[in-house]
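Please open the structure in your viewer and keep the selection tool at hand.

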Amino acid sequence: MARCAQLEVMGTRETAPGTSPGRLRVPAGMRVGIACGGTGGHLFPGMAVAELLLEAGACVTLFVSPKEVDRRGVRGLPGVEVVTLPVAAWQAGSRVACLLGMMGSWVRVRRHLRGVAGWVVLGMGGFSSVPVVAAAWWLGCPVVLHEANAVPGRANRRLARWAERVLVGFEEAGRGWRGVEVRVTGTPVRREIAELAAWDAGRRLERRREVLSELGLDGARPTVLVVGGSQGARGLNERVTACAVNWQGTGRGVPQWIHLTGVQDEERIRGVYRSAGVPAVVMAFSDRMVDLLVAADAVVARSGASFLAELAAARVPAVLIPFPAAVDDHQWHNARLYADTGAARLLGQSEAVPDRLRRELELLLWDERVRSGMVEALGRWHRPGAAAAVVEELVVVAGRNRGTVREPRAGGKAGRG
Ligand SMILES: CC(=O)N[C@H]1[C@@H](OP(=O)(O)OP(=O)(O)OC[C@H]2O[C@@H](n3ccc(=O)[nH]c3=O)[C@H](O)[C@@H]2O)O[C@H](CO)[C@@H](O)[C@@H]1O
């Protein structure tokens, strides 16, 4: 907390090109706790907001989970305080662990927030945001939620009663909230990826060549990037490798693959490509998503909301295969919005048989009309100021609550231990 004590002046910043329009002003002593653990889809947008807040002079704490994706991800952002909470997902067989984790996390967050004025808490969704938002509410700290998906998640729907504002990535997600102000901000994207939108074709081509050469791939071959979300996707891995090993050259050539498999599938998938003699770089997870998006001529992916926001910034044509078991089928709804506007192709997992997937990819790789139409449509989804808009909302909410932050809740909860 030593860093926070030094903050006595209003912070201002000129915005980075392609990232955040306008001038950000952060009140002196503003502290923001961001609950963004559990998945990359919550972590990376939370980190994009944290980065801007830090530059504007705020003091930032990230509340994350013990999962590997969080541990790796937060390494990329020096200067923030990171608090790892003992949260565990609500799954069959681990309900007791989940409840104990929630309680332990709640106690830890409460200890962290209490006694220091000026906190605003931003919940990015997911189970690991629950104890953070609950503790903030209990202590009387203002809460803002961000919902990236087209269909709001269960955690955010339940936590909204304690929030001052709900910020949404897709306009469609703005309906149906009661008793809370809703704003459409878009979903924040890591700065280096947001900035791809401003790259010209020459710079992209040159970097593409460099990245492919660093990966040991052929700069002259079309390249397909496969992303199953932050933890990989077994169903997607199966469909893509079946397509890749059965790909018959059509005279236009055969693509090479950059495949992000998730930890559980890495060795097996690498073996499949190797034994079929298909050129591929296989990784469980990459910290260099910006480079991989530049190297790719097409993408096959699940349709997590954060990755969709990155696709729009990077403008890479994609076939989306939503995770069929996603809660409320939210990945299908995310993908549908892009597909309906021509920004991506949408395939159900059962439709993604090798022939069909190959035909879709051939369109994206070699049909100039399809490619350019999709690139243009993707551009319309890109919201360069999303992170800045979230910061501005936090500042408004903090300002509105100045002087009242430590007031007890009805029933005197904030006053208890
Ligand atoms: C199964 C499930 O419910 N997944 C949800 C989860 O997905 P998930 O965590 O997979 O989120 P997304 O697919 O939206 O984003 C993945 C993030 O991880 C990054 N990445 C991925 C792989 C890699 O090797 N390196 C890397 O950096 C991507 O660049 C992206 O920033 O949160 C999203 C946002 O609420 C939801 O839309 C998804 O539906």
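How many Å separate the centres of domain 1 and domain 2, taken over C-alpha atoms? Those centres are 29 Å apart. Before going further, please note that this is a predicted model, in which local features need pLDDT of at least 70 and side-chain atom pairs count only at pLDDT 80 or more, while totals for chains, interfaces and linings use all residues. Residues are numbered from 1 along each chain as its sequence is written.

**The two domains**

Colour residues 2-187 + 383-399 as domain 1 and residues 196-381 as domain 2; these bounds come from an automatic or database domain assignment. Where the domains touch, 22 residues of domain 1 and 17 residues of domain 2 take part in the contact, two residues being in contact if their C-beta atoms, placed from the backbone, lie within 7 Å. On the side of domain 1 that touches domain 2, helices H2 and H3 (68-74) each supply at least two residues, and the largest share, four residues, comes from H2. Helices here are DSSP runs of H or I with at least four residues, strands are runs of E with at least two, and both are numbered from the N terminus.

**The ligand shell**

Next, select the ligand and the 25 residues around it, of which Thr-39, Gly-40, Gly-41, Gly-229 and Gly-304 come nearest; a residue is near a molecule if its C-beta atom, placed from the backbone, lies within 6 Å of it. Both domain 1 and domain 2 contribute at least three residues to this shell, and helices H2 (40-55), H12 (305-314) and H13 (330-340) each supply at least two. By class the shell has ten nonpolar, 13 polar and two charged residues, where Ala, Val, Leu, Ile, Met, Phe, Trp, Tyr, Cys and Pro count as nonpolar, Asp, Glu, Lys and Arg as charged, and the others, Gly among them, as polar.

Pick Gly-41 in helix H2, which is buried, with 26 other C-beta atoms within 10 Å; a residue counts as buried if 20 or more other C-beta atoms lie within 10 Å of its own, as exposed if 12 or fewer do, and as partly exposed in between. Leaving out residues up to four places away in sequence, Gly-41 touches residues that include Gly-229, Gly-304 and Ser-306.

Move to Ser-306 in helix H12, where 27 C-beta neighbours inside 10 Å make the residue buried.

**The nonpolar core**

Finally, select Ile-34, Leu-53 and Val-391, which have the most contacts inside the largest nonpolar core, a set of 134 residues. This core lies between domain 1 and domain 2, because both give residues to it. A nonpolar core is a set of buried Ala, Val, Leu, Ile, Met, Phe, Trp, Tyr and Cys residues joined through C-beta atoms within 7 Å. Outside four places in sequence, Val-391 is in contact with Leu-24, Val-49, Leu-52, Leu-53 and Ala-56.
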